[in-house]
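Please open the model in your viewer and keep the selection tool to hand. The tour goes from one selection to the next and says what is found at each stop.

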Amino acid sequence: MTFFSALGSVTLGIRFWLVLVVVVSSSPLLAFTAYTLHALYQARAESLIVQLTERTRSAANAIDLRIDIGLSSLTTLASAEAAQRRDLPALYRHAQMVARETPGVMTIVLLDRAGNQLFSSREPFGAPLPPTEAPDSVERVFATGQPASSGVYTGAISKRQVVAIGVPVTIDGAVAYCLRMIVPVEVFATVLDGLHLPHDWVVALVDATQRTIAISHMKQESAGTAVPPDLAAALRRGERDLITFAAPDGTEISAAIVAVPRTDWVVLIGVATRALREPLDQTVAALAIGIALVLTMALACALVLSGVLGRQFTALVRASRDFARTGSLPAYGAAVREVVEIGRTLIQASRREQEIKDALVDALSTQRELSNRLTSARCDSLTGLPGRGLFLELVELLRRDAAGARKPLALAVMLLDLDGFKAVNDRFGHARGDEVLRQTAEILRHILRDRDACGRLGGDEFVVCISAPAEEIEAVAEVIAARIVTMVGQLGEGLGCSVGVALWPPGQGDIAAALHRADQAMYRAKQNGKNRFRLATDADDGSDEDQVPLTS
């Protein structure tokens, strides 16, 4: 069963249907909008990635430009006449001048092939100098005859974090010396800060050993620190362009990586992935809210229109009810032709319904009157107890219930006759006798349970039928019979009663036989002194072993 066929099988309000029309008709637009939002999100994300990569490439070019200034100065110094004549004092003086005039240069050092420092522009010529730091880059200069850059290290004299840029001094076609420019890392941090990136973007310059040379907004202790493990692993694998890695605090970072020309350094610009996506999420959220508002407006319009139609239907129903109540058609207006047609049909149906209701009311009234008369005729007018016929019907219902019970039930029938009733009538009059009969009826109602039956057979004779589990019926009957005898005896004026009790197991005889046996037992009780009850047996020989005398 499809969704629409299932809807056709239920009854729903007109508002629901109008809202459903709006939702269903808007579904293609919503689907297209969702696709457009997704495509827009992807396009904006790709645009941000391109922007991140381009800014990283610009940062790498800025670092390369700063290195080029130093390389130009070193290359000019290496080709100077003093260098070619191996005039080290003159070359030393020339190096001091270049170091003073080149911004950001800490010192210029001359090294031989063994890596010994021949002079440092910061120290007097001929002064003893410490061993060379980061000798691997010096070895590359002598091996390749090309400029080489070192990783970040701590200068032996300055005790600051620095990097070295070296160029070969070629004499007669062979590399004789290595001129090395020592630059503090703060120079490159200044270059990175000058890029004016967004405040939540971080740009870093990293050497070949995956240690930080400089970083934007750099603190002194940041230089020389190792990058996060995920980033270090990516750099060792030679990954470039866009990567993601986890920061030390667990934040996911998206970063673009670009190599710095003529060095083994890389520049990366990283931004928290969440921050990178936040503008996109805000844009999508704004569009989604706008779409939700449009859909809400459409639903609101549908609800307003459904309210108008609903009021017309309400007026139609009210008019139909008024017609059914007054018999005249009240005036009402409707703007929908179908509503008018439905109104006419409803009014006709309402008229027919009212006719049927009137007939049913008359029939029910007649039935209740006949039922009341029948009940009054079948009940004793003095005590209100059922008469013989109604009592027998109640006993039959009790017998059926006992037969259908999950636990076997048996019945017991009791026939009781008042002792001393005639004397009360003769002595105190019939009014007192009638009162005694009513009191006896109240005693039976008080003692018996709701499911038990009792009645008045006539005169001062009453009858009772009870039910109980088969193994308990005899004990229950004796208790009830004893209470009846006791309470009737408490009425005073010499009154008492004799009760005959006959057990009626399931499937053994009928009510007439049980009443006969109870009647015989009652007369046996009277013959043996009255004011007692007697339990009838199948072989009732008139002995007194089953009778119990009770005195008031």
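Begin by selecting strand 11 (266–272), which gives the most to the lining of the largest pocket, with four residues. Helices (H or I, at least four residues) and strands (E, at least two) are DSSP runs, numbered from the N terminus. The model is a predicted one, in which local features need pLDDT of at least 70 and side-chain atom pairs count only at pLDDT 80 or more, while totals for chains, interfaces and linings use all residues. Residues are numbered from 1 along each chain as its sequence is written, and side-chain values use heavy atoms, with hydrogens and water left out.

The largest pocket holds about 500 Å³ of space, and among its 21 lining residues V202, I215, P228, F245 and A247 lie nearest the centre. A pocket here is an open set of points on a 1 Å grid over the protein atoms alone, where a 1.4 Å probe fits, with protein on both sides within 12 Å along at least five of seven lines; lining residues have an atom within 4 Å of a point. Grid points are joined across faces, edges and corners, and the volume is the space filled by probe spheres set on the points. Coloured by class, the lining shows 14 nonpolar, five polar and two charged residues, where Ala, Val, Leu, Ile, Met, Phe, Trp, Tyr, Cys and Pro count as nonpolar, Asp, Glu, Lys and Arg as charged, and the others, Gly among them, as polar.

Next, show the whole sheet, an open one of five strands in the order 8-7-11-10-9 with antiparallel pairing; two strands pair if DSSP finds at least two bridges between them. Strand 8 and strand 9 (241–246) stand at the edges with a single partner strand each, so one side of each is left without a neighbour in the sheet. From one strand to the next the twist averages 30°. Strand 7 and strand 8 pair over three bridges, and L205 has A214 in strand 8 as its bridge partner. Helix 6 (185–193) packs on the sheet, touching strand 7 and strand 8, and its direction makes about 40° with that of strand 8. Contact means heavy atoms within 4.5 Å, and angles run from 0 to 180 degrees between N-to-C directions of axes, which are lines fitted to C-alpha atoms, for helices over the stretch in contact.

Is S216 buried or exposed? Select S216 in the loop between strand 8 and helix 7 (229–236): S216 counts as buried because its relative accessibility is 8%, buried meaning under 20% relative accessible area with a 1.4 Å probe, protein chains only. Not counting residues up to four places away in sequence, S216 touches L192, D193, W201, V202 and V203.

Move on to the second largest pocket, with about 170 Å³ of space, where A45, I49, T273, L276 and R277 lie nearest the centre. Helix 2 (14–78) provides the largest share of its lining, five residues.

Finally, select helix 11 (421–428) and helix 12 (430–447), which pack at an angle of about 145° with their axes 6 Å apart. The contact is made by F421, V424, N425 and F428 of helix 11 and by H430, R432, G433, V436 and L437 of helix 12.

Notes. Buried < 20%, exposed > 50% of the residue type's maximum accessible area, 1.4 Å probe, protein only.
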